[in-house]
Amino acid sequence: MQGKTNKQYHDSARNVGIACIGMIIVLTAIAGTELYDHVAHHWNSKPDQTMEGNYWIPNEADKLWLDSLYEQVKRTEDDVLELNQSVNRIDRKIDEIMLRRIDYPDGTWDSIKVKPSEFKPKANGNR
């Protein structure tokens, strides 16, 4: 008769179960000691810097650098405002051109002022 008997299957299963439980206990013990060391280290340590001594006090070079940075920002803001005014002026010009367009009976339009008597459209609607 070949193969395992029922007793051998039960013994193998019991041994695997005992091995799994043993590994869980060992891993739990290792994790517990690591956690204890981590908590003990952070519980007993003091902060590196206190809030009272963590202020930045600028010296003269820092003040000059900050002033020059402020001047650069101010010039950039002025340039942006100037560009905004130019874009607004261009936008107004385009609006004026669109408002003074001439609509023709065939559905086309033109933005150039031409006296209607001087303009003779072609018969097929193309100009």
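**Salt bridges and helices in a predicted model**

Lys-7 is exposed, with a relative accessible area of 58%; here exposed denotes over 50% relative accessible area, buried under 20%, and partly exposed the range in between, with a 1.4 Å probe and protein chains only. The structure is a predicted model, in which local features need pLDDT of at least 70 and side-chain atom pairs count only at pLDDT 80 or more, while totals for chains, interfaces and linings use all residues. Residues are numbered from 1 along each chain as its sequence is written, and side-chain values use heavy atoms, with hydrogens and water left out.

The protein chain contains 2 helices and 2 strands, arranged α-α-β-β from the N terminus; these elements are DSSP runs, numbered from the N terminus, with helices (H or I) of at least four residues and strands (E) of at least two. Of its 127 residues, 2% count as buried. The mean pLDDT, the predictor's confidence in each residue on a scale from 0 to 100, is 81 for the protein chain, and 79% of the residues score at least 70. Confidence is highest in H2, at 91, and lowest in strand E2 (residues 109-110), at a mean of 72.

A search of the whole structure finds 3 salt bridges, each defined as a side-chain nitrogen of Lys or Arg within 4 Å of a carboxyl oxygen of Asp or Glu. Asp-11 and Lys-7 form one of them, at 3.2 Å from N to O. These two residues are 4 residues apart in helix H1 (residues 6-44) and are therefore separated by about one helical turn. Asp-11, partly exposed at 22% relative accessibility, also pairs with Arg-14, the closest N and O atoms being 2.4 Å apart. Arg-14 is partly exposed as well, at 48%. In helix H2, Glu-60 and Lys-63 lie 3 residues apart, about one turn of the helix. Salt bridges with shared partners join Lys-7, Asp-11 and Arg-14 into one network. The closest N and O atoms of Glu-60 and Lys-63 are 3.8 Å apart in their salt bridge.

The 40 residues of H2 should span 58 Å at 1.5 Å a residue, and the end C-alpha atoms are 58 Å apart, which agrees; the expected span is 1.5 Å times one less than the number of residues. Thr-76 is placed in helix H2 and is partly exposed, with a relative accessible area of 46%. Helix H2 (residues 60-99) also holds Val-73, which is partly exposed at 41% relative accessibility.
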